[in-house]
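Please find below a colleague's note on the structure shown here.

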Amino acid sequence: MDEAKNLLGAETSPYLLQHADNPVHWRPWSEAALAEARRRDCPVLISIGYAACHWCHVMAHESFENEDTARRMNELFVNVKVDREERPDIDHIYMTALHAMGEQGGWPLTMFLDPDGKPMYGGTYWPPEPRYGRPSFRQILEAVHSAWATRRSELEGRGEKLAAHLAELSEPSLGAGVTPDDLNRIGDQLFRIVDQVRGGIGGAPKFPNAPIFRFFWNEMFRRRDTSFGDAVRALLEAMNAGGIYDHLGGGYARYSTDAEWLVPHFEKMLYDNAQILDLLASVHALWPDATFAERAQETVGWLMREMRAGGAFAASLDADQDGEEGAFYVWHESEIDAALGDDSAPFKRAYDVTPHGNWEGRTILRRVTPRGPDADEIALAQSRAKLFAIREGRAKPGRDDKVLADWNGLLIAALARASAIFAAPQWLAIARSAFAFVTETMRADDGRLLHAWREGKGGARGMLDDYAAIGRAALALFEASGEPYYLNAATRFTKEAIDLFGDGEGGVFLTAHDATDVPGARPRHAQDGATPSGVGLLAEVFARLWHLTDEPRWRDAGDALARAFSGPREGMGGSPLLLLAADVMERGGAIVIDGPLEDTQARALAGVALCAADPSLSVLRLDLSLWPGGAPRPGLPTLSAPAAMLCQGQTCSLPVTRGEELRTLMEQRLPR
């Protein structure tokens, strides 16, 4: 390896390319980088971030673009840059190590490794000069170098202990599976930290926490307790009105820096918007809301306008424009007045526009008045359109245009479900197109699914999250369309996930069994964060396959997966989607629509079924002419005309032939 230059210029990740002109001699993550550290007998400095990360940009400008700092980094270390979105496995390993050191996580993640990749010391952002009670980055560099030179055995011993801890976490955590008591206990614990006044979880900073709220939505049906559903609705209402939502262009920012959803961290992530769209659809299915429908339509509009990449969707939009966070999105009152003229007064009342602003002298638009008569809302929409057109002339945030299989899987599933609930069949066509792109274009030479793709070049191989998310997306498309292709695809991806990531005892790893560039023990975890864990997604796939096919292998696989990650029980609260999936397995069922896909009556019944609010229900559109080898779910009664049944296990309801009858059948599962 050439140690005298920056080697990121040949990479495809936009985040890595942002650092290709740094004077730091960055290398991408590889065995060659570790080999270079062994040759030089020096530590590795690994810096992990992502393209839309504000503090990553700050540290890059302050330190990595500084010639003196870069020279010292090059003299003392082998320097490695990692895009956490492109290599979530590497990020997980070293973020887990940072937490084990007692440090708070976040990005940029800065870690010092021994030449074999063992973590020895780390942190997140360090300033160029001592401040915030933190040492400077230069001081950290010198301290680690000094310790390596004078106390090397101590540093290496620390690395050995951390590596042993990571290996311990990689061992199976077997338990008895998920019980109703677990669901009650953890649901109550999570519900206690809900902000009952402003919506969401806890205080500032406040994240959407979509996996927790998906769990709450399911708990409402399991317990028949609307307070859990009310918490989901309150979250969405608060975000829909707050500054975290882009009231001109659509889409939600990653999180709010305050407790009232006013000031966002302005980056927009694909995974957040996919999961929020899914929540909007779920709540709207039970409690129709015109604002929810608008937010869904506007968010999909933003996705189509600004986030298309290849045949799928890009990862994120940056928070910064020309080094200033949020500049693209904020307004001075004078700008609003000039743009809207006589219409400015009602707009300013509705969107909290004041002479002094609500953030650093400027205004982040947020809706502070209730929804008004249709004529008023039309006038406000016209004003928003004028401001949007003006904003389009500003310098735009950077876009990370790599395509990630797992994040696209989340969006495909959300679009497929939302298309029925919001009566937007074009969204289903978009979902089909994105699925085709991911599953046909994002392939390695050996046919394996890729995790990342950009501008015709594939990135890292697919990991558990990718296979689970795409399998779940395939099921959502199957339910929406009734086409056997998608059920077969879901089955295929699920089998491959078991083969590639299974541990032979019912559990799964994050990385494939033949991954060669993952240091130490293969990581495994079931913790949901801002994105769902692959374990939770795979558990949901197992449950839905069980209800759609009645094949015992899927029930067995789901039960084994729950056992593999259910001990110790006090840790289960971090896996709300695994808990949700366990309940879907036990309580769920399939609404079977028996009849030709194009039959008017069958289509009407399917339209009702696909708007089911209970997340434990799957939809099996059964056109027997498309299944020459027999129905995917055996043992169903033979019907003479299109009809619907609700099946749980071996028991099915009496057939119904009218949409009103099916609604009545579904309403028996609603909370009281």
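1. The model is predicted: local features need pLDDT of at least 70, side-chain atom pairs count only at pLDDT 80 or more, and totals for chains, interfaces and linings use all residues. Residues are numbered from 1 along each chain as its sequence is written, and side-chain values use heavy atoms, without hydrogens or water.

2. An open sheet of mixed pairing is formed by 4 strands, in the order β17-β16-β18-β19. Its edge strands, β17 (617-622) and β19 (651-652), each pair on one side only. Strands are DSSP runs of E of at least two residues, and helices runs of H or I of at least four, numbered from the N terminus; two strands pair if DSSP finds at least two bridges between them.

3. Strand β18 (residues 643-648) pairs with β19 in the antiparallel sense over 2 bridges. Cys-647 stands opposite Cys-652 in β19.

4. The count of salt bridges comes to 63, each being a side-chain nitrogen of Lys or Arg within 4 Å of a carboxyl oxygen of Asp or Glu. One of them joins Arg-254 and Glu-267 (2.9 Å, N to O). The two residues lie in separate loops, so the pair ties together parts that are 13 residues apart in sequence. Arg-254 is buried at 12% relative accessibility, and Glu-267 is buried at 0%. Buried means under 20% relative accessible area, exposed over 50%, and partly exposed in between (1.4 Å probe, protein chains only).

5. Within helix α7 (residues 152-169), Arg-152 and Glu-156 are 4 residues apart, and their side chains meet in a salt bridge (3.0 Å, N to O).
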